Amino acid sequence: MIEHLIVLLVVLPILGAAVPPLASLRYDRVGWAVATATTLGHAAFAAALAWTVWTDGTVRYAVGGFAAPYGIELVADGLTILLVALVSAVSLGVLAYARHAGPHANTFYSQFLLLVAGLSGMTVTGDVFNLYVFLEITGLAAYGLVASGPGARSAVAALKYLVIGTIGASLYLLGVGYALAATGTLNMADLSVKLAEVGYDSTLVLTAFGLIVAGLTVKVALFPLHTWQPDAYADSLDSVSAFISALVSTVSAYALARVLFSVFTVDFLEAVPTARWALVGVACVSIVAGSGLAVAQSDVRRMLAYSSVSQFGLVIAGFAIATPLAVVGATVHLVGHAVMKGGLFAVTGIIERRTGATTVGGYAGMGGRVPVAAGVFTLLALAMVGVPPAIGFVGKWYIVLGAVDAGVWPVVVVLLASTLLTLAYFARLGERLYFAEPTITSGSTAATDGGESVSTGMIVTVVVAAVLAVALTAAVPVIDQLIDQTVFELIRQ
Amino acid sequence: MSTDDAGRNAGDADGAAGPDAADSPDADGDEAAPGLYVESTIIMTTVRLVSPFILTFALFIMFHGADTPGGGFQGGVIAGSVVMMLAFAYGIDSTRQWLDGRVIAALASGGVYVFVGIGLGAIALGGQFLQYAEYEALFGHAIKYAIELVELSIGAIVAAVAIGLFFLLAAGFDHAIEEDPS
């Protein structure tokens, strides 16, 4: 049983996703219960898999019993189990939030579980074509979830997301095609050897790299290719935006790291400096442009969305620098950002339900009206800026150290500048929350939306996110060791 | 401007007709779908003749997934197209009544269960997920039968999703705004 855990991580959510359509013939609101039971099972499997990898090292699984270079291989190493654990934990958090916040439709939870299946699949796969399949499952489920919001805006956002996301996935598939033409294999471990044999200066290999990275960059939402992301985050339901902002881009960034280190390897980056500098360049532009656009927003959720563009620039810059320190920093920031951004989106949902405030102006004076939510928001925002005990600081610190070590000074400059910009837009919100006169009076909000209530589960979710944003700092040595076990092997190869 | 008005009128008419049709299933079909469905003997006869062949062709494609070009995805889409053809010939509402929603849900979810069941069954017999060879001990040519069964289940899922999407789109967007405020 224990060796099948890795495949069950993907199969279980798919199995769960098939339950609500049948159940809804008889019962109205069983989706949440089914999703929760399935996700709890997923979490148990993830924990068991994490323990196996922690004690016995990398787990490999040949699906269908077909041996590795020919069949589909699933691989779990230190980086994988970190992401699998993140997917499980965030899913449970979002379910706790959605219990009361909705939506309550059974079909929503089918899509939710399909998204969990797609994300788990992307995380554990060791095959570049299989990664494409799970990329598509993730994408399709995410488009559907974005569209589940009320009104036309979420439908338009979903359509935009669909078109741009499909282009990104197609670019990735095209790149995989070039890699297959160059090497004749799709297995990641096999590709890393064969690509080196073909030669890193081969046009096929270079084109494959460009297309694969461009495709995944669309999914991560780096600056020029981010245009789907603010609408998708800002115009969807709060449960959905918390879930998607925390996981979808995160797992795509993980996939990019996987492609960089497991498929093309650091040797490729060494051999083709142009590729590395192009990636660092895109990341730097993304950091600056994302922060700049975030400062210019008046809608809080849109601001958070642009902030993600900037933060993922940081993560990808860390991966592209590819020294051990920078990779640890990027991974820590990847996980930390997921917790912080998911929490921030959830807490904006709470503030909106309580007070009706959605804009920076509307947040004025809300510190007194919704003390817990405002406190959590401020704490998470400070963590995002990178105030020391929080996880946001550790990630940035390692990335800066890595950049200084590698002598990549532009990243250092850009990172410090973006931290100031991040401080600028979050400080503006903090000032509004606590030191400004309310622009929305409590009388007017009782009428809006029929005074939506906020459950304990929602509050607990965001408080846990805030606690984790600080407490995860204690887990950094563990993350360090996990990556030491696996990724550094790849880097040293 | 005029086209815009026309579009809005058509939308209004649909909105008015939708709830009526839902409330009284015995209402006249002609009133429920104004101007969309034309009863044509030629189309109905053609569809009646062609449908069995297309459904057979769909199964043919599905069964060919194992060793020749074909498979569940292509076959499923063809099978789904049969229902769409019926809907164009006999009207969407009557087709919807003829094909129960439960059948569609059962096909979609059942397909997933069959697929996953075959995969997990191999694990139960001591192999890897989807290791068809494990079934050889139980009966002959099990690898082929298992692959065909997987193709059929994929076909069922694809057909059900295609039909479901078609009916959802055909129903318009009035029903989509039944947000539950709780």
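In which helix of chain A is Val411(A) found? Val411(A) belongs to helix α18 of chain A, which runs over residues 409–435. The model described here is a predicted one.

Is Val411(A) buried or exposed? A residue counts as buried if 20 or more other C-beta atoms lie within 10 Å of its own. Val411(A) has 26 other C-beta atoms within 10 Å, and therefore it is buried. Beyond its neighbours within four places in sequence, Val411(A) is in contact with Val280(A), Cys284(A), Ala317(A), Ile321(A) and Ala403(A).

Asp127(A) lies 284 residues away from Val411(A) in sequence. In space, the C-alpha atoms of Val411(A) and Asp127(A) are 32 Å apart.

## Annotated region and domains of chain A

An unreviewed UniProt entry annotates residues 126–422 of chain A as "domain: NADH:quinone oxidoreductase/Mrp antiporter transmembrane". In the model, residues 126–422 of chain A are 84% helix and 0% strand.

The domain assignment divides chain A in another way, into domain 1 (1–263) and domain 2 (272–493). Taken over C-alpha atoms, the centres of domain 1 and domain 2 of chain A are separated by 22 Å. The contact between them takes 43 residues from domain 1 of chain A and 47 residues from domain 2 of chain A. On the domain 1 side, at least two residues each come from α4 (78–101), α9 (203–220), α10 (228–234) and α11 (238–271) of chain A. The largest share, 15 residues, is that of α11(A). By type, the domain 1 side that touches domain 2 of chain A has 27 nonpolar, 13 polar and 3 charged residues.

Helix α7 of chain A covers residues 151–183, 33 residues in number. From its first C-alpha to its last, α7(A) reaches 48 Å, close to the 48 Å expected at 1.5 Å a residue. Gly184(A) follows α7(A) and has a positive phi, near 75°.

Chain A also has two strands that pair with each other: β1(A) and β2(A) run antiparallel and are joined over 4 bridges. Within this pair, Tyr61(A) stands opposite Leu74(A) of β2(A). In a regular strand, side chains alternate between the two faces of the sheet. In strand β2 (residues 73–76) of chain A, Glu73(A) and Val75(A) point one way, while Leu74(A) and Ala76(A) point the other way. These four residues of β2(A) are all buried.

## Contact between chains A and B

How many residues of chain A are in contact with chain B? The contact involves 17 residues of chain A and 20 residues of chain B. On the chain A side, α1 (5–17), α2 (19–23) and β1 (59–62) of chain A are the elements that give two or more residues. The largest share comes from α1(A), with 4 residues. The chain A side that touches chain B consists of 12 nonpolar residues, 5 polar residues and no charged ones.

## Chain B

Chain B contains 7 helices and 0 strands. Of its 182 residues, 26% count as buried. Among contacts in chain B with a separation of 6 or more, 63% join residues 24 or more positions apart.

For chain B, an unreviewed UniProt entry lists residues 49–66, 72–92, 104–132 and 152–173 under "transmembrane region". One of these spans, residues 49–66 of chain B, is 83% helix and 0% strand, with its end C-alpha atoms 29 Å apart. Another, residues 104–132 of chain B, is 72% helix and 0% strand, and its end C-alpha atoms are 28 Å apart.

## Helix α4 of chain B

Helix α4 of chain B (residues 72–90) has 19 residues, so at 1.5 Å a residue it should span 27 Å. The end C-alpha atoms of α4(B) are 27 Å apart, which agrees with that expectation. After α4(B) comes Gly91(B), with a positive phi near 95°.

Buried residues of α4(B) include the glycines Gly72(B), Gly75(B), Gly76(B) and Gly80(B). Also buried in α4(B) are Ile78(B), Ala79(B), Val82(B), Val83(B), Ala87(B) and Ala89(B). What covers the buried residues of α4(B) includes α3 (41–63), α5 (92–98) and α7 (142–170) of chain B.

Note on methods. Residues numbered from 1 in each chain as written. Chains lettered and ligands numbered in written order. Predicted model: local features only at pLDDT ≥ 70, side-chain atom pairs only at ≥ 80, totals over all residues. Contact = placed C-beta atoms within 7 Å. Nonpolar A, V, L, I, M, F, W, Y, C, P; charged D, E, K, R; others polar. UniProt positions renumbered as here; feature names shortened; annotations may be inferred. Buried ≥ 20, exposed ≤ 12 C-beta atoms within 10 Å, placed from the backbone. Domains from an automatic or database assignment. Pairing = 2+ DSSP bridges. Expected span 1.5 Å × (residues − 1).
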